[in-house]
Amino acid sequence: MALSSLPKAAFLLLATLALTYSALTISDSHTKKEKGPPAAKHGDVEKAWSNAGNGQRITVFTADLTTANENKLGKKVNPQTPKDAQGFFIGAYNSLTHRMRFMLGYSHLSKGGVSMSHFHMQCKGDGKEPPICKPGQPSGPIIQTICGMPTHPGMMSDWPKTQADKGKHTLAEKCAEGTNGYIMGIWTVEEPYRKGLMEGKVFVNLHTPLDPKGEVSGLLTKQ
Ligand SMILES: [Cu+2]
């Protein structure tokens, strides 16, 4: 079924269910390792969720990806960009494994669809930031490729030492074709970026041939 025929609400629901499952699986295996107290014999699912909140193991992030956000970043989208171009992001981050299991969807992008997609760090240039931020210079460097370029470290002068799962440097082998679609992946967040992620400084950017600097983007916000 094409994403275009699937209402956003239904898609979000599916994503939430999938992520809920993975979040619970992660919580369960952790509980087993810890040999939880006997009281945990019943109501394990409820317990897993309350642990997720109280123990801050699982944090859910969402983002609305819009052209307006892109303009706010100073990237001014092309006037020919479709007015309905949009997307969303939902991810479950496990603060023990540092893995973010995510899904992002998009629709009505300009012709050619997604050429590249990345997680970027919003740098304020205040000198108290990860090394990838250039001191005294606000910027939004790539901290992880989701799909497209760059695929290997060293291709960008400020590429961090990021190693994605299974030795891949991108989280998806290839960006999906078409102006509507979705991408799923797992991002192992490296130490220098974890604080920024929790502080809401990481954003997702979808690049297209028409808007090489970015067509829709949004900051990952804790739920
Ligand atoms: Cu980018």
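## Close-up views of a predicted model

View 1. The relative accessibility of S107 is 15%, and because buried means under 20% relative accessible area, S107 counts as buried. The side chain of S107 is joined to the side chain of H108 by a polar contact of 3.2 Å. When the neighbours of S107 within four places in sequence are left aside, the residues in contact with S107 are D84, A85, Q86, T179 and N180.

View 2. H118 and H207 are both buried.

**View 3. Strand β4 and the strands that pair with it.** Strand β4 has six residues, of which five are buried, so the strand is largely enclosed by the rest of the structure. With β7, strand β4 pairs in the antiparallel sense over six bridges, and within this pairing the bridge partner of H118 is N205 in β7. Strand β4 is also joined to β5 by four bridges, and these two strands run antiparallel as well. Here F119 stands opposite Q144, a residue of β5.

**View 4. Aromatic rings around F119.** A pair of aromatic rings is described by two values, the distance of the centres and the angle of the planes. The count for this structure comes to four aromatic pairs. One of them is formed by F102 and F119, whose ring centres are 5.4 Å apart and whose planes stand at 85° to each other, an arrangement that is edge-to-face. This pair links distant parts of the chain, with F102 in strand β3 and F119 in strand β4, 17 residues apart. F102 is buried, with a relative accessible area of 2%, and F119 is likewise buried, with a value of 0%. F119 also pairs with W187: the centres of these two rings are 4.1 Å apart and their planes lie at 15°, so the pair is stacked. Since F119 lies in strand β4 and W187 in strand β6, the pair ties together parts that are 68 residues apart in sequence. W187 has a relative accessible area of 1% and is therefore buried. F89, F102, F119 and W187 form one aromatic cluster.

**View 5. The disulfide of C123 and C133.** A disulfide is a covalent bond between the sulfur atoms of two cysteines. Two disulfides are found when the whole structure is searched, and with the bonded cysteines counted along the chain they follow the pattern 1-2, 3-4. In the disulfide shown in this view, the sulfur atoms of C123 and C133 are 2.0 Å apart. The torsion about the S-S bond of C123 and C133 is about -70°, so this disulfide is left-handed. Both cysteines lie in the loop between β4 (116-121) and β5 (142-147), so the pair ties together parts that are 10 residues apart in sequence. C123 and C133 are both buried.

**View 6. The disulfide of C147 and C175.** In this disulfide the sulfur atoms of C147 and C175 are 2.1 Å apart. The link of C147 and C175 is right-handed, with 100° about the S-S bond. The pair links distant parts of the chain, as C147 is in strand β5 and C175 is in the loop between β5 and β6 (181-188), 28 residues apart. C147 has a relative accessibility of 0% and so counts as buried, while C175 is buried with a relative accessible area of 10%.

Notes
Residues numbered from 1 in each chain as written. Predicted model: local features only at pLDDT ≥ 70, side-chain atom pairs only at ≥ 80, totals over all residues. Heavy atoms only, no water. Disulfide = S-S within 2.5 Å. Buried < 20%, exposed > 50% of the residue type's maximum accessible area, 1.4 Å probe, protein only. Polar contact = N/O pair within 3.5 Å; in protein donor to acceptor, adjacent residues only side chain to side chain. Contact = heavy atoms within 4.5 Å. Phe/Tyr/Trp six-rings, centres within 6.5 Å; stacked < 30°, edge-to-face > 60°. Pairing = 2+ DSSP bridges.
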